[in-house]
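Subject: Structure handover

Hi,

Here is the structure I promised to pass on. Have a look at it first, and then read on for my notes.

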Amino acid sequence: MQVERLFISPGHNFFGHHGQPAGEHPAMEVEEVECVAGRGLRGDRFFDYKDDYKGQITFFSSEVFQRLVLAVGAPHATPDSLRRNVLVSGGDLGILAGCDFELQGVRFHGSAECAPCHWMDDAIAPGAEAFLTGQGGLRARILTSGILRRER
């Protein structure tokens with residue numbers, strides 16, 4: 001897999017906002033992120049969220065994003081709207097749930113699928129939540145510390 005884009009955000013826009021308006025914390029695109037084993041991404045909203053949290057880092061497929069944009073008619077949508085940390089290409093994230101894997105020398109454990117929520121219809125376009133069912137990305141635990149960098 002290749003790392004196409006990296007995002008962190010200092011605060012939650014959707015998580016914990018059920019029944020309330022979405023937050024307004026930007027997803028900031030960065031060239032590299034520091035992965036801290038067992039803790040998360042330094043500077044991200046889930047850093048030190050809780051012990052052994054299954055979503056210390058999240059991954060999303062560039063190929064799925066491209067299909068999503070076409071399927072829901074959202075040509076101006078951008079991947080930061082998904083609120084996932086790492087946009088990758090060239091790999092099947094679905095097979096990594098329950099598995100250990102390595103990317104750029106950093107080891108991860110795929111802990112669960114990122115199930116899409118109702119916010120996706122607001123963040124992307126109506127129909128996004130349904131489209132993303134079964135392909136919403138991957139939550140993972142960070143097993144070894146290191147740096148992930150955007151690949152050109």
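**An aromatic pair in the core**

F59 and F101 are both buried, where buried means under 20% relative accessible area, exposed over 50% and partly exposed in between, with a 1.4 Å probe and protein chains only. Before going further, a word on the source: this is a predicted model, where local features need pLDDT of at least 70, side-chain atom pairs count only at pLDDT 80 or more, and totals for chains, interfaces and linings use all residues. Residues are numbered from 1 along each chain as its sequence is written, and side-chain values use heavy atoms, with hydrogens and water left out.

Searching the whole structure turns up six aromatic pairs; rings of Phe, Tyr and Trp (its six-membered ring) pair if their centres lie within 6.5 Å, and planes under 30 degrees apart count as stacked, over 60 as edge-to-face and the rest as tilted. One of the pairs is F59 with F101, edge-to-face at 5.6 Å centre to centre and with 70 degrees between the planes. F59 sits in strand β5 and F101 in strand β7 (residues 100-103), so this pair ties together parts that are 42 residues apart in sequence. Ring pairs also link F46, Y49 and Y53 into a cluster.

**Overall layout**

The protein has three helices and 10 strands; these are DSSP runs numbered from the N terminus, helices being H or I of at least four residues and strands E of at least two. From the N terminus on, the order is β-β-β-β-β-α-β-β-β-α-α-β-β. Of the 152 residues, 46% are buried. Among contacts (heavy atoms within 4.5 Å) between residues at least 6 apart in sequence, 74% join residues at least 24 apart.

**Around β5, α1 and β6**

β5, α1 and β6 make up a right-handed β-α-β unit; right-handed here means that, with the strands pointing away from the viewer, the path from the first strand over the helix to the second runs clockwise. Strands β5 and β6 run parallel and are joined by three bridges (two strands pair if DSSP finds at least two bridges between them). F60 has L87 in β6 as its bridge partner.

Which way do the side chains of β6 point? V86 and V88 go one way, L87 and S89 the other, and all are buried.

In helix α1 (residues 62-72), the buried residues are S62, V64, F65, L68, V69 and V72. Seen down the axis of α1, they fall within an arc of 155 degrees, so they line one face of the helix; the arc is that of the directions from the helix axis to the C-beta atoms. These buried residues pack against β1 (2-8), β5, β6 (86-89) and α3 (128-132). Just after α1, G73 takes a positive phi of about 65 degrees.

**The β4 end**

An open, antiparallel sheet of three strands has the order β4-β3-β10. Both β4 and β10 (146-149) are at the edges with a single partner strand each, so one side of each is left without a neighbour in the sheet. Two bridges join β3 (residues 32-36) to β4, and V36 stands opposite G40.

L41, in strand β4, counts as buried at 0% relative accessibility. Leaving out residues up to four places away in sequence, L41 touches several residues, among them I8, V33, F47, Q56 and I142. Its C-alpha atom is 6.7 Å from that of I57, 16 residues apart along the chain.

Q56 lies in the loop between β4 (40-41) and β5 (57-61), yet counts as buried at 2% relative accessibility. A polar atom of the Q56 side chain lies 3.4 Å from the backbone oxygen of Y53. Beyond its neighbours within four places in sequence, Q56 is in contact with residues including G38, R39, N85 and R141.

**Two phi angles to look at**

Most residues other than glycine have a negative phi. D52, in the loop between β4 and β5, has a positive phi near 55 degrees and is exposed at 53% relative accessible area. Q104, in the loop between β7 and β8 (106-113), also has a positive phi near 55 degrees, and is partly exposed at 32%.

Cheers

Note on methods. Polar contact = N/O pair within 3.5 Å; in protein donor to acceptor, adjacent residues only side chain to side chain.
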